[in-house]
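Notebook open, a few things to look up.

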Amino acid sequence: MRADIVGSLEAVTRVRGVRGAMVVSAEEGLVVAESSMEGIDGAAVAALMAGVVARLGRATEAAGRTAPAFVHLQAEGGALLAVPAPRDLLVVAVTDAEVNVGLVRLELRQAAEQLA
Amino acid sequence: MRVIEPWVAEPLQRFLSESSARLVLLTTASGQVVAQHGFTRALDVMSASALGAAIMASTEELGRLTASGASRALSHQGPSRGLFLSAFDLPQGRWIGLVVYDRDSSLGLVRLFFDRLVQELLAVAPKETPAREVLAADFENELNASLRSLFGR
Amino acid sequence: MSNEDIRVLTSQLAGDPSSLVFLPLGEALRRRGQLEAAEKIVVAGLTRYPELAEAHDLLARVLSDGGDLERAFDEWDIALRLDDRHAGAHKGIGFLYYVAGDLPQALDHLEAALAADPGAEGVAAAVARVREALAAPAGPSGPADSTRPPLLATPAPPPGAADSPTVFAGLEGAQDGLLLLDGNGLRLGGGLTAPDGSAVGDAVAAHLAGVFRDASRATRLLSLGSWTSVAAETADANLFLCAPAPDSLLLLVRDNSVPIGRLALQAERASEAARRWLERPA
């Protein structure tokens with residue numbers, strides 16, 4: 001199963017501009033599996049992005065809306081994208097600032113579906 | 001936040017700010033309190049420091065018995081709060097950190113920033129600490145003095 | 001295009017939803033006046049190809065045909081951001097400026113369209129007409145056609161508002177769906193209601209301060225530079241968060257028929273309004 005998870009993440013990392021991808025436990029902010037995360041602090045990505053998604057989820061809940069199905073945090077030097085997956089997991093990608101966000105989102109969603 | 005050793009203050013303040021931890025206790029491996037945040041009663045500090053030291057000692061012994069190696073960190077997730085316990089080495093000896101967090105934080109964040117706290121403490125800790133023989137009476141006096149200091153009395 | 005051609009294109013798209021055949025299909029439906037179907041096809045295509053200028057241009061034409069000029073403007077604007085030489089987008093926006101009476105802007109865009117595509121139908125004639133209008137003696141500018149509403153008009157402020165200008169006056173969602181807050185999570189302006197009608201602006205503002213802090217911390221610690229925006233999709237809404245000024249946050253919420261790319265554009269306008277409001281003399 002772990003090989004399948006890594007395989008799904010490799011499809012994400014094949015998108016041009018994606019620097020790494022991982023599966024994260026949403027509540028704990030810990031890495032479950034990762035792919036191509038060279039030069040990236042995976043534990044930090046997991047913890048920090050899980051925190052952002054959780055916080056945003058509380059904001060959408062306060063707004064009477066459902067939890068986020070996709071989150072895109074854009075910065076000057078890169079971006080973080082996340083899609084929730086079953087079993088309280090998140091699929092997260094770290095990208096360059098310029099990237100085809102639509103394509104990354106599609107691949108993240110497919111990876112998330114394969115985690116069911 | 002209260003600290004016995006002044007050089008602990010800044011790194012610990014940064015840890016508290018970044019991790020959003022609710023309670024923090026830093027002790028020596030023998031349970032002597034070095035710093036605390038969030039505790040309101042001296043009794044709680046004493047109990048937590050004793051229990052933390054005991055848990056780490058038990059875990060290390062268990063690791064030795066089962067040849068699984070010493071465990072430096074433990075975590076426990078309760079219904080609304082989580083607990084993180086970790087031992088680390090400074091020139092002053094082995095210390096233990098006990099962190100309690102709620103949904104404003106996570107185990108991942110606590111671990112991330114605790115690792116940074118340890119690195120910062122290593123960087124600022126005085127390099128030479130004269131060894132002292134600790135007598136039982138001295139220990140109790142020191143503990144009481146520490147507690148008074150930690151609660152601003 | 002015949003019914004049979006449309007059936008073939010539809011079947012091709014059904015067989016391969018990621019195909020670009022949604023473009024000719026959407027155009028065919030638009031030409032037949034089936035605007036609702038055309039819009040659905042193009043919007044679905046844009047979820048897969050959000051950076052395809054052609055798709056935004058097509059959607060703009062569908063919207064323009066349906067009279068939704070403000071959304072058409074947004075889509076052409078997006079097309080130009082993706083391809084600043086897109087003839088169709090320049091032509092479309094030029095037309096909208098002409099309708100709104102802004103002849104200098106209209107001319108700029110129509111000339112750009114002509115430069116990008118000298119053979120574009122009707123553009124040369126449109127350029128000549130606008131030049132004529134500009135050269136005419138000063139008077140009411142713009143066409144005499146008053147049947148179309150002015151584009152991007154700012155409605156008159158509500159009675160009693162003259163002394164306390166609202167932050168987002170004149171913008172879509174000024175009372176609901178646009179929120180300005182300070183770094184401490186206190187609402188400065190705008191409002192937000194939940195689907196059940198309850199006012200939730202203050203509660204959401206409080207939570208968003210935490211999002212602001214977490215986003216800043218994440219990008220800082222991961223050496224990604226300063227954060228610029230957070231976009232999120234839920235099952236029933238799209239959200240866009242940005243910082244129009246230091247220590248302030250702007251939230252845009254729309255139902256999820258509004259693509260995130262459009263939210264970003266609306267957020268820019270709302271940010272300008274927020275900055276003007278924040279900088280006004282006390």
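Is Pro195(C) buried or exposed? Pro195(C) is exposed, because 12 other C-beta atoms lie within 10 Å. The cut-offs I used: buried means 20 or more other C-beta atoms within 10 Å of a residue's own, exposed 12 or fewer, partly exposed in between, with C-beta atoms placed from the backbone. I also checked Asp236(C): it is 41 residues from Pro195(C) in sequence, and their C-alpha atoms are 9.6 Å apart.

Housekeeping: this is a predicted model, so I took local features at pLDDT of at least 70 and side-chain atom pairs at pLDDT 80 or more, while totals for chains, interfaces and linings use all residues. Residues are numbered from 1 along each chain as its sequence is written, and chains are lettered from A and ligands numbered from 1 in the order in which they are written.

Next, helix H5 (residues 69-82) of chain C. Its 14 residues reach 20 Å from first C-alpha to last, close to the 20 Å expected at 1.5 Å a residue; the expected span is 1.5 Å times one less than the number of residues. The buried residues of H5(C) include Leu69(C), Phe73(C), Trp76(C) and Leu80(C). Among what covers them I noted helix H4 (53-65), helix H6 (87-100) and helix H10 (260-279) of chain C.

Then a helix pair. The axes of H7 (residues 103-116) and H8 (residues 123-135) of chain C come within 9 Å and cross at roughly 155°; axes are lines fitted to C-alpha atoms, for helices over the stretch in contact, and angles run from 0 to 180 degrees between N-to-C directions. H7(C) and H8(C) are therefore roughly antiparallel, the term for angles over 145 degrees. The contact (C-beta atoms, placed from the backbone, within 7 Å) includes Leu107(C) and Leu110(C) of H7(C) and Val127(C) and Val130(C) of H8(C).

Last, chain B. I counted four helices and six strands, running β-α-β-β-α-β-β-β-α-α from the N terminus. Of its 153 residues, 31% count as buried. In helix H2 (residues 42-65) of chain B, 24 residues should span 34 Å at 1.5 Å a residue, and the end C-alpha atoms are 35 Å apart, which agrees. Among the buried residues of H2(B) are Val45(B), Gly52(B) and Met56(B). After H2(B) comes Ala67(B), with a positive phi near 55°.

Conventions
Helices (H or I, at least four residues) and strands (E, at least two) are DSSP runs, numbered from the N terminus. Angles under 35 degrees count as roughly parallel, over 145 as roughly antiparallel, 65 to 115 as roughly perpendicular and the rest as oblique. Two residues are in contact if their C-beta atoms, placed from the backbone, lie within 7 Å.
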